[in-house]
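Please look over the sequence and the model below.

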Amino acid sequence: MKIAKDYQNNAVDELLIKSKWLLVKHNKDKKTIVFQSPTGSGKTFMMSQYITELIKENEDKDICFLWFSIGKGELHKQSYDSLNVIFQGYPECYL
């Protein structure tokens, strides 16, 4: 299992705080968070930690995550494969 670096933990914590705020907010519009991070920073790992924690903290809610990869190539497949390895079947991922 990979150990998160401090900046990764901080990013995940910030995403969780923002998500909690949006989930309890009564306005159903504009419930979008965009996560950006430099190449090589561990985005896929950070997002896997974020998704895992958000699901744990909101077991009573149905939450859907959409993963977009821009640019040419097979980045979406690379992310999909990495998440499947990290999640080990839960939550389920679809391409």
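What follows covers the helices, their packing and a few individual residues.

This is a predicted model, in which local features need pLDDT of at least 70, side-chain atom pairs count only at pLDDT 80 or more, and totals for chains, interfaces and linings use all residues. Residues are numbered from 1 along each chain as its sequence is written, and side-chain values use heavy atoms, with hydrogens and water left out. Helices (H or I, at least four residues) are DSSP runs, numbered from the N terminus. Buried means under 20% relative accessible area, exposed means over 50%, and partly exposed lies in between (1.4 Å probe, protein chains only). Contact means heavy atoms within 4.5 Å.

**Helix H1**

- H1 has 19 residues and spans 27 Å from first C-alpha to last. That is close to the expected 27 Å at 1.5 Å a residue; the expected span is 1.5 Å times one less than the number of residues.
- The buried residues of H1 are Gln 8, Ala 11, Val 12, Leu 15, Leu 16, Ser 19 and Leu 22. Down the axis of H1 they fall within an arc of 135°, so they line one face of the helix. The arc is that of the directions from the helix axis to the C-beta atoms.
- Asp 6, Asn 10, Ile 17, Trp 21 and Val 24 are exposed, on the face of H1 turned away from its buried side.
- Helix H2 (43-57) is what the buried residues of H1 pack against.

**Helix H2**

- H2 has 15 residues and reaches 21 Å from its first C-alpha to its last. The expected value at 1.5 Å a residue is 21 Å, and H2 is close to it.
- Phe 45, Met 46, Met 47, Ser 48, Tyr 50, Ile 51, Leu 54 and Ile 55 are buried in H2.
- The cover over these buried residues of H2 includes H1 and H3.

**Packing of the helices**

- Two packed helices are described by the angle between their axes and the distance between the axes. Axes are lines fitted to C-alpha atoms, for helices over the stretch in contact, and angles run from 0 to 180 degrees between N-to-C directions.
- H1 and H2 pack at about 40°, with axes 9 Å apart. That makes H1 oblique to H2. Angles under 35 degrees count as roughly parallel, over 145 as roughly antiparallel, 65 to 115 as roughly perpendicular, and the rest as oblique.
- H1 and H2 cross in a right-handed sense. A crossing is right-handed if the near helix is turned clockwise from the far one by less than a right angle, and left-handed if anticlockwise.
- On the H1 side, the residues that meet H2 include Tyr 7, Gln 8, Leu 15, Lys 20 and Leu 23. On the H2 side, they include Phe 45, Gln 49, Glu 53 and Glu 57.
- The axes of H2 and H3 come within 10 Å and cross at roughly 50°. H2 is therefore oblique to H3.
- The H2 contact with H3 is made by Thr 44, Phe 45, Ser 48, Ile 51 and Thr 52 of H2 and by Ser 79, Ser 82, Leu 83, Ile 86 and Phe 87 of H3.
- H2 passes H3 in a right-handed crossing.

**Gln 8 and Lys 2**

- Gln 8 sits in H1 (residues 6-24). Its relative accessibility is 3%, so Gln 8 counts as buried.
- Beyond its neighbours within four places in sequence, Gln 8 contacts Lys 2, Ile 3, Ser 41, Gly 42, Phe 45 and Met 46.
- Lys 2 lies in the segment before H1. At 48% relative accessibility, Lys 2 is partly exposed.
- Lys 2 touches Gln 8 and Phe 45, not counting residues up to four places away in sequence.
- Lys 2 and Cys 93 are 91 residues apart in sequence and 20 Å apart in space, C-alpha to C-alpha.

**The loop between H2 and H3**

- Asn 58 is in the loop between H2 and H3. Asn 58 is buried, with a relative accessible area of 9%.
- Leaving aside neighbours within four places in sequence, Asn 58 is in contact with Leu 23 and Ile 63.

**The segment after H3**

- Gln 88 lies in the segment after H3. Phi of Gln 88 is near 50°, a positive value in a residue other than glycine. Gln 88 is exposed, at 68% relative accessible area.
- Pro 91 is found in the segment after helix H3 (75-87). A cis peptide bond joins Tyr 90 and Pro 91, with omega about -5°.
- Tyr 94 is also in the segment after H3. Tyr 94 is exposed at 67% relative accessibility.
- Tyr 94 and Asn 84 are ten residues apart in sequence and 9.4 Å apart in space, C-alpha to C-alpha.

Notes:
Helix = DSSP H or I, 4+ residues; strand = E, 2+ residues; numbered from the N terminus.
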